[in-house]
Every structure is written in C-alpha cells, then in structure tokens.
Amino acid sequence: MVRQPELAHSLVPMSNHTIRPELREWILATARSGHSLSDLMKLMKDAGYGGEQSRQMVARVLNLPLATVMAASKPGSSGRRTRHPEPPQQTVDGHTLRVTISTDKPVVRVLENMLTAEECEGLIAEAKPRLQRSQTVDVEGRHQTDERRTSQGMFFRIGETPLVQRIEQRIADLLAMPVSHGEGLQILHYQPGQEYEPHFDWFDPTQPGFSAVTARGGQRIASVVMYLNTPAEGGGTGFPSIGLTVTAMRGSAVYFAYETGDQASLHAGLPVIKGEKWIATKWLRERPYQA
Ligand SMILES: O=C(O)CCC(=O)C(=O)O
Ligand SMILES: [Fe+2]
C-alpha cells in the first residue's frame with residue numbers, strides 16, 4: 001500500500017447526513033493518492049467506521065454509484081491500481097517526461113515527451129499496412145463497426161516489436177503496473193471529420209456483456225493516449241466534465257485513471273478539422289490480461 005495521510009479516530013462520530021470537512025478531505029486525498037476503493041474501505045473500517053456508513057460516504061464524496069462502492073467492499077475484489085505520474089517530471093529508464101497538467105476529478109495527467117519523434121514515426125510505419133475500420137464493443141460484448149467511431153486502427157500484440165516492447169515497458173515503469181496488465185497497444189488513424197464521440201473506457205457492470213469483457217484481466221482502470229503526430233487543426237482529446245481539451249501534439253500523451261462508474265472520466269477524440277491524427281492507446285486492467 002502507498003503511504004496515506006493519517007485518518008484520525010477523533011473524526012468519529014458523525015451524523016448520517018453530514019460528512020465532516022476533514023473526513024471529506026481525507027477521502028479525497030486517499031483516493032487521489034492512488035488507493036483503490038477497497039483499500040479506502042479497509043482504512044475506514046480500521047478507523048472504526050461501520051461498513052454501511054463508509055460506503056455511503058465514499059459514494060457521496062467520490063460521486064460514485066453506491067453499487068460500485070459495494071462491489072469494491074467485498075473481500076478479494078481489489079485489483080491493482082496505477083500510480084499517477086507526479087509533476088514536474090519523471091525519468092523512466094533514462095527517458096525524462098514532463099507532467100504539465102494534473103487534475104484530480106477526473107484523474108488526468110498531461111505528459112510531454114512521452115515518446116520521441118522517431119518512436120512516433122516508427123509506430124506509424126509499423127501500423128500503417130495493417131489498418132482496418134475501428135470497432136467498438138457492444139452491450140453484449142460483441143465487436144462491431146460503429147458510426148460513433150469512424151477512425152481506422154489496429155492492435156499490436158504485447159511486445160510484438162522491439163519498439164512496442166520499449167514503449168510498453170516505459171508505461172509499466174511510469175505507472176508502476178506490470179506490462180501484463182496492459183491490453184495490446186492500439187494505433188488509430190483519424191482523417192478530417194473523423195472523431196470518437198464522448199465515451200467511457202471502463203466497462204459498464206449493468207450491461208449484459210460485462211462479465212465477458214472482464215473475464216480476462218478484470219475491469220479497465222486507466223488509459224494512456226499518445227499522440228503520434230500533430231494534426232493541422234482539431235483532433236484534441238476532450239474531457240467535457242471539466243471543460244478540458246488536451247492538444248494533440250506529437251510525442252505528448254494524456255493519462256487518465258478511473259473507477260468503475262466514474263462519470264467524470266467521460267472523454268472524446270474531437271473531430272479532426274484539417275490534416276490527420278495518429279494516436280497509440282494503452283488500456284490498463286486491474287489484473288493480468290496477458291498470460
Ligand atoms: O482520440 C482520442 O483523442 C481519444 C481516444 C480514446 O478515447 C480511446 O482510444 O479510448
Ligand atoms: Fe477512450
């Protein structure tokens with residue numbers, strides 16, 4: 001477990017309807033520092049809070065569905081969580097990248113110099129011959145083409161080429177998450193007018209396909225979208241809940257992390273207006289996804 005601020009026992013008792021500001025702050029700080037919901041529930045239990053009371057408060061403070069918090073409170077339900085990159089910069093395996101923007105709700109980090117220009121060009125060259133119309137996963141877990149997602153794309157297998165392997169290792173080191181927790185690196189190519197409409201990357205537990213898509217690796221917990229070129233106009237990544245648009249710039253990336261049901265993690269690949277847009281996306285799972 002990562003270091004967390006002390007939760008004072010003196011904060012108990014409290015009424016059912018008010019959450020004391022210190023406790024609210026503590027819940028937020030603990031969640032922000034990368035603790036899973038299950039860790040959080042356990043820490044509260046250790047401090048003397050009742051299970052039902054803790055679930056209610058955590059759901060309210062973090063703005064999560066109660067069902068999500070309940071699922072996370074079951075023993076053994078906890079998967080791993082990524083470590084959010086810390087500003088101002090991180091050096092992984094001799095490569096230094098800068099953390100230029102951080103938000104907490106949703107958890108977003110804008111990363112500059114995630115990839116070198118050569119790495120961006122190399123990924124595009126390796127992906128180009130294998131592009132196909134992108135698909136989405138429907139509510140029953142089936143893959144399909146979708147008018148909401150009109151780009152072309154392809155997936156690399158884990159460690160498929162030396163370049164892919166190097167980038168996967170960099171992401172693993174940066175987020176303190178084994179390479180095995182990643183889905184294969186996805187490359188996407190958008191042309192003018194193409195976009196990826198607002199969506200969540202986590203899988204919706206209320207949909208019938210949920211158990212199929214999470215059978216291997218469990219839930220998605222974080223995404224890294226890396227920009228492989230700079231579109232002439234448009235093509236940023238939008239986070240409408242906080243009015244943030246991350247500019248697509250070659251070599252930069254946006255990392256975001258979420259819990260199941262996190263409404264603030266809504267995001268979109270905004271339409272490319274002029275030029276083209278290439279990205280590489282890495283989705284992380286709470287448990288090993290690769291054998
Ligand atoms: O194209 C983008 O900027 C966002 C891509 C995205 O949301 C995804 O691949 O899940
Ligand atoms: Fe996405």
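Helices (H or I, at least four residues) and strands (E, at least two) are DSSP runs, numbered from the N terminus. The structure shown is a predicted model, in which local features need pLDDT of at least 70, side-chain atom pairs count only at pLDDT 80 or more, and totals for chains, interfaces and linings use all residues. Residues are numbered from 1 along each chain as its sequence is written, and chains are lettered from A and ligands numbered from 1 in the order in which they are written.

**Figure 1. The surroundings of ligand 1.** Strand 10 (220-227), strand 15 (267-269) and strand 17 (277-285) each contribute at least two residues to the shell around ligand 1. The ligand is surrounded by Tyr196, Asp201, Ser223, Val225, Thr237, His267, Gly269, Ile279 and Thr281; a residue is near a molecule if its C-beta atom, placed from the backbone, lies within 6 Å of it. By residue class, this shell comprises three nonpolar, five polar and one charged. Here Ala, Val, Leu, Ile, Met, Phe, Trp, Tyr, Cys and Pro count as nonpolar, Asp, Glu, Lys and Arg as charged, and the others, Gly among them, as polar.

**Figure 2. The annotated span 181-286.** An unreviewed UniProt entry carries the annotation "domain: Fe2OG dioxygenase" for residues 181-286. UniProt positions are given in the numbering used here, feature names are shortened, and annotations may be inferred rather than shown by experiment. The end C-alpha atoms of this span lie 7 Å apart, and its content is 5% helix and 42% strand.

Figure 3. Seven helices and 17 strands make up the secondary structure elements of the protein chain. Its radius of gyration is 20 Å, close to the 19 Å that the globule rule gives for 291 residues, so the chain is as compact as a globular protein of that length. The radius is taken over C-alpha atoms, and the rule is 2.2 Å times the number of residues to the power 0.38. Along the principal axes, the C-alpha atoms fill a box of roughly 60 × 40 × 40 Å. The chain is divided into domain 1 (9-73) and domain 2 (89-285), with bounds from an automatic or database domain assignment. The C-alpha centres of the two domains are 30 Å apart. Six residues of domain 1 are in contact with six residues of domain 2, where contact requires that the C-beta atoms of two residues, placed from the backbone, lie within 7 Å. The side of domain 1 that touches domain 2 has three nonpolar, two polar and one charged residues.

Figure 4. The bond from proline 87 to proline 88 is cis, with omega near 5 degrees. Proline 88 belongs to the loop between helix 4 (66-73) and strand 1 (89-92). The bond from lysine 105 to proline 106 is also cis, with omega near 10 degrees. Proline 106 lies in the loop between strand 2 (95-104) and strand 3 (107-112).

Figure 5. Aspartate 93, although not a glycine, has a positive phi of about 50 degrees. This aspartate is in the loop between strand 1 and strand 2 and counts as exposed, with 10 C-beta neighbours inside 10 Å. A residue is buried if 20 or more other C-beta atoms lie within 10 Å of its own, exposed if 12 or fewer, and partly exposed in between, with C-beta atoms placed from the backbone. Alanine 176 has a positive phi near 55 degrees and sits in the loop between helix 6 (162-175) and strand 8 (186-190). With 14 other C-beta atoms within 10 Å, alanine 176 is partly exposed.

Figure 6. Serine 252 is part of the loop between strand 13 (244-246) and strand 14 (253-257). This serine is buried, with 22 other C-beta atoms within 10 Å. Beyond its neighbours within four places in sequence, serine 252 is in contact with Val110, Leu111, Glu112, Met114 and Tyr227. Glutamine 219 occupies the loop between helix 7 (210-214) and strand 10 and counts as buried, with 20 C-beta neighbours inside 10 Å. Residues up to four places away in sequence aside, glutamine 219 touches Gly79, Trp202, Phe203, Thr214, Thr260, Arg285 and Glu286.
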